[in-house]
Amino acid sequence: MEAMWLCFRPATIRVKDLLAAGAIGEPVAFSATIGCRGNGDPAHRLYDRAKGGGILLDGTIYPISFACHLFGMPEQVASVASIGPTGVDEQDAISFVHANGVLSTMLGTIRANPANTASIAGTAGRIELAARWWQPETMTLSRDGHEPETFSWPEDGTLGYQYEAMAVGEAIRAGAIESDLMPLDETVAIMALMDDLRASWGLRYPADGAE
């Protein structure tokens, strides 16, 4: 299992349950921003192609994985990226159309400080994840004709990594060789998707030459 601990957090489980229960009707759109203004130091890993630099692998992987986790792999993909002086993607904007018709839009950047929030809009309401949504401690459910409901899961400094660690332990004790929540095929498919995104931007890492 990869360390995509977002998929194991209580907020994500609650989001999936609410969607399955039709709490916001049919989901229509997912949107998220992620990033922060970097220091521009070419030696820093975010700006170093040899270290897999750029916002895609460091940040935009989170909304990509979240969207695919909730709505499945996309059937259509569109994207643009701003390549910086060191050759890495300093900004990217990505859109998916999933098989169920949900449209996902994602922005990642190391040039600015975006809102870092996420939301899912449906035909009868919306779900909003507060700032630093990839470590969600607060979520608001707004249903048409109802007062908003807020849910919270304070982490008290633990950052929420423990949920995936516990899932790994449970799988090992059960003798499982793969996670039902995060199967290997999903990890490989998302990596292939990001390889395709990079290829469309002309972004290659030195390690790509070893293929």
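Guide: What follows starts with the sheet, then turns to its helices, rings and cysteines.

This is a predicted model, where local features need pLDDT of at least 70 and side-chain atom pairs count only at pLDDT 80 or more, while totals for chains, interfaces and linings use all residues. Residues are numbered from 1 along each chain as its sequence is written, and side-chain values use heavy atoms, without hydrogens or water.

Some terms come first. Helices (H or I, at least four residues) and strands (E, at least two) are DSSP runs, numbered from the N terminus. Two strands pair if DSSP finds at least two bridges between them.

Eight strands make up an open sheet with mixed pairing. Their order is E2-E3-E4-E1-E5-E6-E7-E8. Strand E2 (74-83) and strand E8 (149-152) sit at the edges. Each has a single partner strand, so one side of each lacks a neighbour in the sheet. On average, neighbouring strands are turned by 10° against each other, direction ignored. Axes here are lines fitted to C-alpha atoms, for helices over the stretch in contact, and angles run from 0 to 180 degrees between N-to-C directions.

Now look at E3 (residues 89-98) and E4 (residues 103-109). They pair in the antiparallel sense over seven bridges. Gln 91 has its bridge partner in E4, at Thr 109.

Two helices pack on the sheet, with contact meaning heavy atoms within 4.5 Å. Helix H1 (residues 10-20) touches strand E1 (27-35), E5, E6, E7 and E8. The direction of H1 makes about 15° with that of E7. H4 touches E2 and E3. The direction of H4 makes about 45° with that of E2.

Next comes E6. Strand E5 (residues 118-122) runs antiparallel to E6, joined by five bridges. E5 and E6 form a hairpin with two residues between them. Ile 120 stands opposite Ile 127 in E6. On the other pairing, E6 and strand E7 (residues 138-143) are antiparallel over five bridges. Glu 128 has Thr 140 as its bridge partner in E7.

In a regular strand the side chains alternate between the two faces of the sheet. Strand E6 (residues 125-129) has a covered face made of Gly 125, Ile 127 and Leu 129. Arg 126 and Glu 128 form the uncovered face.

Now the rings. Rings of Phe, Tyr and Trp (its six-membered ring) pair if their centres lie within 6.5 Å; planes under 30 degrees apart count as stacked, over 60 as edge-to-face and the rest as tilted. There are seven aromatic pairs in the structure. Trp 133 and Trp 134 have ring centres 6.0 Å apart and planes at 85°, so this pair is edge-to-face. Phe 151 and Trp 153 are stacked, at 6.4 Å centre to centre with 20° between the planes. Both Phe 151 and Trp 153 are buried; buried means under 20% relative accessible area, exposed over 50%, and partly exposed in between (1.4 Å probe, protein chains only). Trp 133 and Trp 134 are buried as well. Phe 30, Phe 66, Trp 133 and Trp 134 form one aromatic cluster.

Last, the cysteines. With a disulfide taken as a pair of cysteine sulfur atoms within 2.5 Å, the count comes to zero. The closest cysteine sulfur to that of Cys 7 is in Cys 68, 9.8 Å away and too far for a bond. Cys 7 is buried, at 1% relative accessibility. Cys 36 is partly exposed, at 40%.
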